[in-house]
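This report looks at a ligand shell and at positions that a database record flags. Have the sequence and the model open while reading.

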Amino acid sequence: MGSDSDWPVMEAAAQALDEFEIPYEVDVVSAHRMPREMIAYGEEAAGRGLKAIIAGAGGAAHLPGMLASVTPLPVIGVPVPLKYLDGMDSLLSIVQMPAGVPVATVSVAGARNAGLLAARMLAAHDADLLARMTEFQQELNDQATEKGKRLRAKVEGAESFGFAR
Ligand SMILES: Nc1c(C(=O)O)ncn1[C@@H]1O[C@H](COP(=O)(O)O)[C@@H](O)[C@H]1O
């Protein structure tokens with residue numbers, strides 16, 4: 001991430017990876033403030049065995065795109081909302097990449113989905129992880145079904161006491 005101040009948002013990516021027991025590293029690598037280190041980080045990532053990079057940054061968020069330009073690994077960008085502009089600045093600077101240099105951009109503050117997307121990328125080549133991802137999706141399905149059931153019971157219960165829908 002561009003700064004340690006992004007961690008409260010980015011932590012959700014780490015939590016998602018924890019849930020799938022995927023090892024990861026966390027670091028501050030700013031394109032603006034430490035350009036040489038950022039280039040070295042990107043250039044060395046694949047050789048060090050990393051499989052994907054989740055890059056979160058706020059404001060004029062050049063980090064995800066710059067990393068994508070120096071690594072062949074998939075890069076997932078997380079727009080981090082700051083005090084002004086509600087994250088629109090970060091979203092637009094991450095999502096509007098020129099053709100040839102892709103960054104998979106998640107929603108503003110969508111770090112959990114960034115973690116889950118990285119897990120899916122790894123799962124494409126890992127049968128066990130793929131099975132766990134399928135199980136996870138089934139749990140989401142079951143939870144949504146349960147929510148519908150609870151809501152129907154509540155509304156139908158209210159009606160039987162004479163409340164309007
Ligand atoms: N967008 C970038 C980059 C970059 O893109 O290289 N480096 C830092 N930042 C962002 O600046 C914001 C404020 O950082 P500070 O809280 O350290 O002042 C953070 O959201 C960071 O991601």
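Where does Asp-6 lie relative to α1 (7-19)? The model is predicted. In it, Asp-6 sits in the segment before α1 (7-19).

**Annotated positions**

UniProt, in an unreviewed entry, lists Ser-3, Asp-6 and Arg-33 under "binding site". The unreviewed entry also places the feature "domain: PurE" at residues 1-144.

**Two of the listed residues**

Arg-33 is found in the loop between α1 and α2 (35-45). Are Asp-6 and Arg-33 buried or exposed? The table gives the counts.

| Residue | Other C-beta atoms within 10 Å | Class |
|---|---|---|
| Asp-6 | 23 atoms | buried |
| Arg-33 | 11 atoms | exposed |

Asp-6 counts as buried because 23 other C-beta atoms lie within 10 Å, and the cut-off for buried is 20 or more. Arg-33 counts as exposed because its count is 11, and the cut-off for exposed is 12 or fewer.

Which residues does Asp-6 touch beyond its neighbours within four places in sequence? Its contacts there are Met-1, Gly-56, Ala-57, Gly-58 and Val-80.

**The ligand shell**

How many residues surround the ligand? There are 18. The closest are Gly-2, Ser-3, Ser-5, Ala-31 and Gly-58. By class, the shell holds eight nonpolar, eight polar and two charged residues. Ser-3, one of the closest to the ligand, is also on the UniProt "binding site" list. Gly-58, another of the closest, is in contact with Asp-6.

Terms used: Residues numbered from 1 in each chain as written. Predicted model: local features only at pLDDT ≥ 70, side-chain atom pairs only at ≥ 80, totals over all residues. Near = placed C-beta within 6 Å. Nonpolar A, V, L, I, M, F, W, Y, C, P; charged D, E, K, R; others polar. UniProt positions renumbered as here; feature names shortened; annotations may be inferred. Helix = DSSP H or I, 4+ residues; strand = E, 2+ residues; numbered from the N terminus. Contact = placed C-beta atoms within 7 Å.
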